[in-house]
Amino acid sequence: GAMRWTTLYLPRRDEKIERSEGPQLNSSRPDQVRERTGVDEVKPLEALAEDLREATQVYTPFAPAEGREACRDTLLHARRQIEADPWDQRPSNEQHFRDKLLAACPQLEFADLTPTLDRMRLHKSSLEIELMRRAGRLTAKAVVEAMRQTAPGRFEFELAAVADYLYLRSGARGPGYRPIVASGANIWNAHYYRNDRMLMDGDLVLMDYAPDMGGYTSDIGRMWPVNGKYTAVQRELYGFVVEYQKVLLRTIRPRQRVSELVQEAAAAIGPTWEEWPWSKPQYRGAARAMIDSEVAFTHPVGMAVHDVGEYRGEALQAGLVFALDPQMWVPDEQLYIRVEDTVVVTPDGAESLTKDAPLDLDAVESLVQEE
């Protein structure tokens, strides 16, 4: 194949910053940088223009770079808002960089590196999966602790704080994304973020929150009763979604398309749906709509919680990590019911990375009731 040669362009050493903050990666210490990063060569920033003098085509990522707690979908939404704001409309960082390169080297033509990077990110190596296992275990541990700490009169943000404490003391760099702790009517807003409501007796609470563990995160969704006892309707709806998710997890395997797996799971859950003691026709219908859709097969998970790459059009491959998130909507009652785990496709099936947070409703109740 073609020779790969990686050059990292860095600022020169800044002694004042180093004196106050300690050693920084810089082009004045190339050996140290090569050892830490595995790149072949280190040069100062201004060498880039010289190195591109002979180049004609340059690949740069066109999509926005995800920083801490960020996903591409939210960054693209923010970009659309900037472009629609008559008092803003500044260029993206990526466009600004291309403009600077073009000013220095007018002969350049740009191509988008993003699709190539997306394909590389979609299927995880065994090392990445091991990191994601750690992230998943820690995510589940935080949700279990939040269940234990749940009681009427506490606030949503207190459950996020329980998770923050566990994440930071376990060596994570903090959260992987903005916490969702939604109780009562707040659950209807799928990406609710205010987390400022008091937990009330009789409510459900939905938690969706994971750490940044070595640059990788996880995704989870659990719903539990604030008072420690699911009502009959909560048990009816959440209980069914949990049963369906278990069927999906047993169904997933490589070399199958999502559409095939959905049909197989629908056939397997069919008798349960038929016999389930539905209290209202619209609940029965909402459950059927969930089973007949591909809604459970959501976004990939990796360095970002809504990770990049598209897997739904082709047969699944081992090493794919995604959020398995069956969701049920009852719009006229503003009910939104879901259960979510981060799942990796293995050579012969699938493994839930967040399975340590219980799904069984009785087990959840006893955790919430623990003193």
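A: The answer below begins with the model as a whole, turns to the sheets, and ends with selected side chains.

This is a predicted model, in which local features need pLDDT of at least 70, side-chain atom pairs count only at pLDDT 80 or more, and totals for chains, interfaces and linings use all residues. Residues are numbered from 1 along each chain as its sequence is written, and side-chain values use heavy atoms, with hydrogens and water left out.

The protein has 12 helices and 13 strands; helices (H or I, at least four residues) and strands (E, at least two) are DSSP runs, numbered from the N terminus. Its C-alpha atoms fill a box of roughly 75 × 45 × 45 Å, taken along the principal axes. Of the 371 residues, 47% are buried, where buried means under 20% relative accessible area, exposed over 50%, and partly exposed in between (1.4 Å probe, protein chains only). A contact requires heavy atoms within 4.5 Å. Among contacts between residues at least 6 apart in sequence, 69% join residues at least 24 apart.

F297 stands opposite L324 of β9. Strand β9 also pairs with strand β12 (residues 341–346), over 4 bridges and in the antiparallel sense. Here A323 has T342 of β12 as its bridge partner, while F322 stands opposite V343 of β12.

A further open sheet has 3 strands in the order β5-β6-β7, with antiparallel pairing. Its edge strands are β5 (180–183) and β7 (222–225), each of which pairs on one side only. In this sheet the twist averages 20° from one strand to the next. Helix α8 (residues 156–169) packs on the sheet, touching β5, β6 and β7, and its direction makes about 150° with that of β5. Strand β6 (residues 204–208) is joined to β7 by 4 bridges, again antiparallel. L204 has P225 of β7 as its bridge partner.

Turning to side chains, there are 10 aromatic pairs; rings of Phe, Tyr and Trp (its six-membered ring) pair if their centres lie within 6.5 Å, and planes under 30 degrees apart count as stacked, over 60 as edge-to-face and the rest as tilted. The pair Y230 and Y238 is stacked because its ring centres are 5.9 Å apart and its planes lie at 20°. Both Y230 and Y238 are buried. Y167, Y177 and Y209 form one aromatic cluster.

The charged end of R284 sits over the ring of W273, 4.3 Å from its centre; this requires NZ of Lys or CZ of Arg within 6 Å of the ring centre and within 35 degrees of the ring normal. In the case of R98, the charged end sits over the ring of F62, 4.0 Å from its centre.

Terms used: Two strands pair if DSSP finds at least two bridges between them. Axes are lines fitted to C-alpha atoms, for helices over the stretch in contact, and angles run from 0 to 180 degrees between N-to-C directions.
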